[in-house]
Amino acid sequence: MPLDLDQKARDILKQNDRGGYTVPTARLYPYQWNWDSAFVALGFATFDRERAWQELELLLEGQWRDGMVPHIIFRRDDPDYFPGPSVWQAHGGDLPSGGISQPPVLASVMLDLVASGNDADRTRAAALFDKVLDWHRWWHSARTPDGCPVVCTVHPWETGRDNCPDWDLGFDRMEVPADLEPYTRMDTVHADVSERPSKLQYDKYVTIIKFGRDVGWDQTRLTNEGPFLMADPGIHFILLRADRDLRHLADILDRPGAADELDGFIAKGVSGTDYLWNPDLKAFCAREVRSGAFSQGFSSASALPFYADAGSPDQRDSTLGHLDRIGAKVDFLVPSWDPDAPGFEPQRYWCGPVWPQMNTIISKGLAEQGHTDLAKRVRGDLAAAIEKSGFFECFNTVTGAGCIGTDFSWTAALWLAWASPNRKT
Ligand code: DGY
């Protein structure tokens with residue numbers, strides 16, 4: 001059975017290949033997405049290393065002159081997707097793209113490929129190193145608001161956790177302008193309405209795009225003056241891990257100047273971690289920057305201090321306590337939102353479902369920090385959901401039923417690279 005799933009996973013990656021880059025799934029997401037591509041490279045690397053590096057190289061072709069690597073690269077216009085290039089009107093690089101970024105897992109994926117590879121992998125990584133370092137600089141400058149100790153985000157889509165109730169705090173402060181252009185959603189044509197974000201959430205997503213367009217996608221203005229500004233434990237911990245991994249690559253590739261600069265980023269990430277600690281919930285939570293208010297639920301991003309090797313022993317113990325509490329409530333860890341918090345819906349996108357990429361990095365961090373049993377459960381629960389339902393975008397955390405996109409690239413890739421029982425990891 002797992003062998004058949006391995007073959008099916010390879011077939012999905014090949015079928016979603018659009019000539020050097022991979023779409024997350026046909027129709028619903030018809031372009032190259034940033035963190036999707038990075039995870040996809042790990043899957044390709046299990047059977048075609050050349051193709052794995054090509055995925056990352058094509059992603060970086062979309063990099064902006066200011067260093068940002070955008071969340072979507074539009075190589076051609078596709079009527080199946082809204083909002084496409086004519087809505088974003090974002091031209092900070094050589095290719096049309098979205099005007100925001102996505103969680104920076106790229107450096108960590110490159111380190112994985114180098115660590116499991118040979119001289120050829122080191123050469124490929126060396127050619128990309130400066131571009132990735134530029135992207136990390138961008139996070140630490142353009143996305144660090146004046147006076148704030150951590151990197152932040154200006155749009156829920158930038159966090160990758162689109163409609164997680166974490167973002168309600170930022171959305172509650174926003175008005176939808178009366179002159180917001182009318183638009184037609186395409187996601188609800190390709191997926192069930194009960195599994196996707198609401199109309200009001202979409203209005204706010206588009207409102208932020210309008211602001212970005214109005215300031216000519218000046219990223220510093222978007223951060224400091226834009227309608228939405230929150231700190232995200234997901235981006236924070238993923239970037240801290242990526243800074244550490246890029247630091248490691250700097251050693252391997254003999255780049256001492258870069259190593260010093262990265263040490264500074266790492267020190268900032270470590271000392272900024274407390275900013276995200278919600279003392280009431282005793283968990284790392286999203287935070288609205290202008291009011292200082294914390295989100296009041298444990299999301300899958302709250303489970304990432306282990307992956308970043310961050311947080312005090314007490315903070316980590318408390319995080320493990322939340323995972324125990326939640327693990328007793330759902331059959332499939334790790335839900336994207338807290339089953340005990342308002343807004344939990346086990347089938348709705350980031351309001352509950354289990355996500356393959358989150359389980360991968362959460363489990364990896366837990367295993368590295370010695371929490372072996374919990375790491376195994378997080379990996380095993382994802383594998384069980386895939387075995388039960390197939391290669392969906394995400395899974396109902398209570399039933400394991402597949403949600404939204406089918407034949408999904410990162411699910412296939414992370415099955416091959418990590419969740420399949422045929423992997424030793
Ligand atoms: C979408 O369109 O749902 C994407 O998540 C935006 O990046």
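Helices (H or I, at least four residues) and strands (E, at least two) are DSSP runs, numbered from the N terminus. Helix 12 is followed by Asp 254, whose phi is positive, near 60°. This is a predicted model: local features need pLDDT of at least 70, side-chain atom pairs count only at pLDDT 80 or more, and totals for chains, interfaces and linings use all residues. Residues are numbered from 1 along each chain as its sequence is written, and side-chain values use heavy atoms, with hydrogens and water left out.

Helix 12 itself covers residues 233-252. Of its 20 residues, 16 are buried (under 20% relative accessible area, with exposed over 50% and partly exposed in between; 1.4 Å probe, protein chains only). The helix is therefore largely enclosed by the rest of the structure. At its start, a side-chain oxygen of Asp 232 comes to within 2.8 Å of the backbone nitrogen of Gly 234.

Now the charges. The whole structure holds 34 salt bridges (a side-chain nitrogen of Lys or Arg within 4 Å of a carboxyl oxygen of Asp or Glu). One pairs Asp 80 with Arg 27, with the closest N and O atoms 2.9 Å apart. Asp 80 lies in the loop between strand 2 and helix 4, and Arg 27 in the loop between helix 1 and strand 1, so the pair ties together parts 53 residues apart in sequence. Asp 80 is buried at 16%; Arg 27 is partly exposed at 49%.

Back to the end of helix 12. Arg 255 forms a salt bridge with Asp 130. Arg 255 sits in the loop between helix 12 and helix 13, and Asp 130 in helix 6, so parts 125 residues apart in sequence are tied together.

Terms used
Expected span 1.5 Å × (residues − 1). Polar contact = N/O pair within 3.5 Å; in protein donor to acceptor, adjacent residues only side chain to side chain.
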